[in-house]
Amino acid sequence: MELQSIMTVHLNPSLPRFSSLSIPISLSNPFYSKNSTSALRLSISRQSHFNPKPLSVSSAAASSAIQTDKKDRLPANVKVTETKEPNSRVRLSVEVPPIVCQDCYKRVLDEFSKQSKVPGFRPGKKVPENILLNYIGEQHVKRATIESILRRTLPHAMSSVEGRALKDSVQIGTKFSEMDEDFSPQDFLSYVVIVDVAPEVKWMSENAYKNLKVVVEIDNEIDAQRASEAELRRRHKALGALKIVTDRGLQQYLKTSQVGDVAVLDIFATTIGKDNSGGEKIPFAEKKGFSFDTEDGDYLIPGFLNSIIGIQRGETKSFPLLFPESWKQENLRGVYAQFTVECKELFYRDLPELNDSLSDKLLPGCSTLSQVRELILQRCREVEQTAREQATDNAILDQLCKLIDIDIPQSLFEEQGRQLYGARLLELQFPTEELVKEVENSVAEFKRHNQEYDEEHIREQVQDILEGAKVLEWLREHADIEYITR
């Protein structure tokens, strides 16, 4: 007869989160009721899950004795010592007295006695301890007792962090093998619980959030007028034909009088050492079959376009360039690199004349070029407004980070990686019907992907995000905001 002892602690409800990283900030609330909590809140459950599987012995022996995760009445108090650790983490050192260990041991024996089919004893009849231990095995009984102790004492140990513990962050810090090695029901049992708690937010100065001064940098690429011209140009180019260049090399693009060439390039790059020796490959800069439009030369590393002007089909050029300090990839800023570029193909565009006859092709439903320009500009203005609002929100949050002192738990960063819908939800307004609708949509998504979910949990997360959006809206209205185009 094979007996198994299973000790599994379920501290994760298997529910992907979708709230944006948020911080519990207490504001003088201009739009909530007196008893409500202002947002930018952490997604915190008021209790942590501890729901191990029952001991697997015969017909689920001892299951009812150790299946509950409710706060059971104990014959004596457990001693809990709380120690603060970095990153808003708390270590709980739990010491269980012998009387509690003995009570758990007795319960496990009683349950085994009821559930086990011991030869010579009728089902349900109490089996003497020595016979039961010989039949079940002392080691299995001991392990079941330790599991029972953990089940019954953990809720009591967590009382000291009740209301502060972050869901899914609770973990037993002591190995089961260490508890099992020297355990005896007549002795104390000690174990450690590690839990992340809601971080405490400290303002650098009182009411600092009320008179924020924020500088927002806006990329000139989102300028509606500029963006609409670029979009019209893109649509016009899409209507043209690419023809092979046979009698020249790549030409410099002149915005006033020329259409850019298109080259198909293989690009390789390596770093240049201090002694001008060859360095390591730069995977990010390597591309094969890269379709390069000379009209987009401004988006590449400075000097790249000028270095390949004149290159012909089948030709290779090699040249050094310096990644600027403003380069997006931080690890490449200020790095000297040797580029090797081979031109595989070279084309020029044959574009139709831009006039009213192309209107419907440029934008279906339009009959004049003016109408096309107007509608594209309208759409670009909407995009510009959205981008400005997002940039403003980011700038406000960056400024708030400078005004508060907070130690963010590691579990919140990990939770961010599991976010699914945060960016989309932040665009919502906050009427009740919108909340209900978004919850229903999220539940439908979970069902469609056959994922487990907790509807109440989803509702809490959606509400947190919508409240956070309202707080940002209020901060935008009350902050001194300056926009700078870079």
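Modeller: Two strands are said to pair if DSSP finds at least two bridges between them, and with that rule in hand we can read this predicted model, which contains an open sheet of 4 strands in the order β1-β2-β4-β3, with antiparallel pairing.

Colleague: Which strands stand at the edges, and why is one side of each left without a neighbour in the sheet?

Modeller: The edge strands are β1 (79-85) and β3 (171-172). Each of them has a single partner strand, so one side of each has no neighbour in the sheet.

Colleague: How do you know that β1 and β2 pair?

Modeller: The rule asks for at least two bridges, and between β1 and strand β2 (residues 89-96) there are 7, with the strands running antiparallel, so the pair meets the rule. Within the sheet, lysine 84 stands opposite valine 90 of β2.

Colleague: What makes β3 and β4 count as a pair?

Modeller: β3 and β4 are joined in the antiparallel sense over 2 bridges, and since the rule asks for at least two, this pair also qualifies. Glutamine 171 is placed opposite isoleucine 194 of β4. β2 and β4, which also run antiparallel, are joined by 8 bridges, and valine 94 has tyrosine 191 in β4 as its bridge partner.

Colleague: Why is strand β4 described as largely enclosed by the rest of the structure?

Modeller: A residue is called buried when its relative accessible area is under 20%, and 7 of the 8 residues of strand β4 (residues 189-196) are buried, so the strand is largely enclosed by the rest of the structure.

Colleague: Turning to the loop between β1 and β2, is serine 88 buried or exposed, and how do you know that?

Modeller: Serine 88 has a relative accessible area of 11%, and the limit for buried is under 20%, so serine 88 is buried. Its phi is positive, at about 55 degrees, although serine 88 is not a glycine.

Colleague: Why is asparagine 87 called partly exposed?

Modeller: Partly exposed covers what falls between the limits for buried, under 20%, and exposed, over 50%, and asparagine 87, at 38% relative accessibility, therefore counts as partly exposed. Asparagine 87 also lies in the loop between β1 and β2, and its phi, near 60 degrees, is a positive value in a residue other than glycine.

Colleague: What makes the contact of glutamate 82 with arginine 164 a salt bridge?

Modeller: The cut-off is a side-chain nitrogen of Lys or Arg within 4 Å of a carboxyl oxygen of Asp or Glu, and the side chains of glutamate 82 and arginine 164 meet at 3.2 Å, N to O, so the contact qualifies as a salt bridge. Glutamate 82 lies in strand β1, whereas arginine 164 lies in the loop between α4 (138-157) and β3, so the pair ties together parts that are 82 residues apart in sequence. Glutamate 82 is partly exposed, at a relative accessible area of 33%, and arginine 164 is partly exposed at 30%.

Colleague: How many salt bridges does a search of the whole structure find?

Modeller: The search finds 24 salt bridges. One of them links glutamate 231 to arginine 234 at 2.6 Å, N to O, and these residues, being 3 residues apart in helix α6 (residues 224-238), are separated by about one helical turn.

Colleague: What makes lysine 237 and glutamate 295 a salt bridge?

Modeller: The closest N and O atoms of lysine 237 and glutamate 295 are 3.4 Å apart, and the cut-off is within 4 Å, so the pair forms a salt bridge. Lysine 237 lies in helix α6 and glutamate 295 in the loop between β10 (287-293) and α7 (304-308), so this pair ties together parts that are 58 residues apart in sequence. Lysine 237 is buried at a relative accessible area of 11%, and glutamate 295 counts as buried at 14%. Salt bridges that share partners join Arg233, Lys237, Asp293, Glu295 and Arg349 into one network.

Colleague: Which residues form the negative surface patch, and why does glutamate 440 count as exposed?

Modeller: The patch is formed by Glu440, Asp454, Glu455, Glu456 and Glu460, and helix α13 (residues 455-478) gives the most to the patch, with 3 residues. Glutamate 440 is placed in helix α12 (residues 432-448); exposed means over 50%, and glutamate 440, at 52% relative accessibility, therefore counts as exposed.

Conventions: Residues are numbered from 1 along each chain as its sequence is written. This is a predicted model: local features need pLDDT of at least 70, side-chain atom pairs count only at pLDDT 80 or more; totals for chains, interfaces and linings use all residues. Side-chain values use heavy atoms; hydrogens and water are left out. Patches are made of residues with over 30% relative accessible area and no salt bridge: like charges are joined within 9 Å, nonpolar side chains (Val, Leu, Ile, Met, Phe, Trp, Tyr) within 5 Å. Accessible areas come from the Shrake-Rupley method with a 1.4 Å probe; for residues, only the protein chains shown count as cover. Lys and Arg count as positive and Asp and Glu as negative; His and the chain ends are not counted. The place of a charge is taken as NZ of Lys, CZ of Arg, CG of Asp or CD of Glu. Buried means under 20% relative accessible area, exposed over 50%, partly exposed in between (1.4 Å probe, protein chains only).
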